[in-house]
Amino acid sequence: MQVNQPQGGAAEATTAANIKRYVVSDQIGDDQVTLEVNHDLLTEELATMINQFWTDSRSRVAEEQGDVVRTVIRLFGEWMINKMLAQGGAEFTEKSRNPLSGDNPGPYWTADIHNEEGWGGTVEGSLFGRCGIRCVAASVYVIDFDTLQVDEVTHG
């Protein structure tokens, strides 16, 4: 997985000056999530605590050339993509709406990760939770029957 700036180069700001966007994508497949990060919440200190909650924290930071904040953004993306794969995949943009509720699915997916152990939980009135990250778009697909094939293999 890798963390990229969104298309267009520079990180996009939304309503707050210290909110930036990142795309976390699978280098082998086409799965990706777009995350918004409130850098006032996800500080280096908090990112270090989140990263160190799990084993192998040093190698993750080394993969991101010592940048623990980018490490945690990438880790959140990994968790999000894995959660979506386990639930049958997801595809939505910021403009997507559930036909029944009218809600965007991003906050629901985000809350699932926020409420996992190690991410700090949700915060009433905030889409970013305690960790300062939220998912705003996703393109995650599970393997489909139509894309698979069966070949007989001879012995020996």
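Here is a short tour of some salt bridges in this predicted model.

## The overall count

Let's start with the whole structure: a search through it turns up seven salt bridges. A few of them are worth a look one by one.

## Glu36 and Arg134

Take Glu36 and Arg134, whose side chains form a salt bridge at 2.6 Å, N to O. Glu36 sits in strand β3 (residues 32–38) and Arg134 in strand β5 (residues 133–140), so this pair ties together parts that are 98 residues apart in sequence. Both Glu36 and Arg134 are buried.

Arg21, Glu36, Glu94 and Arg134 are linked in a network of salt bridges.

## Arg74 and its partners

Now over to Arg74, which pairs up with Glu63 in a salt bridge of 3.4 Å, N to O. Glu63 belongs to helix α2 (residues 57–63) and Arg74 to helix α3 (residues 68–86), so the pair ties together parts that are eleven residues apart in sequence.

Arg74 meets Glu64 in a salt bridge too, this one at 3.0 Å, N to O. Here the link runs between distant parts of the chain, from Arg74 in helix α3 to Glu64 in the loop between α2 and α3, ten residues away.

## Buried or exposed?

What about Arg74 itself: is this residue buried or exposed? Its relative accessible area is 18%, and buried means under 20%, so Arg74 counts as buried.

How values were computed: Residues numbered from 1 in each chain as written. Predicted model: local features only at pLDDT ≥ 70, side-chain atom pairs only at ≥ 80, totals over all residues. Heavy atoms only, no water. Salt bridge = Lys/Arg side-chain N within 4 Å of Asp/Glu carboxyl O. Helix = DSSP H or I, 4+ residues; strand = E, 2+ residues; numbered from the N terminus. Buried < 20%, exposed > 50% of the residue type's maximum accessible area, 1.4 Å probe, protein only.
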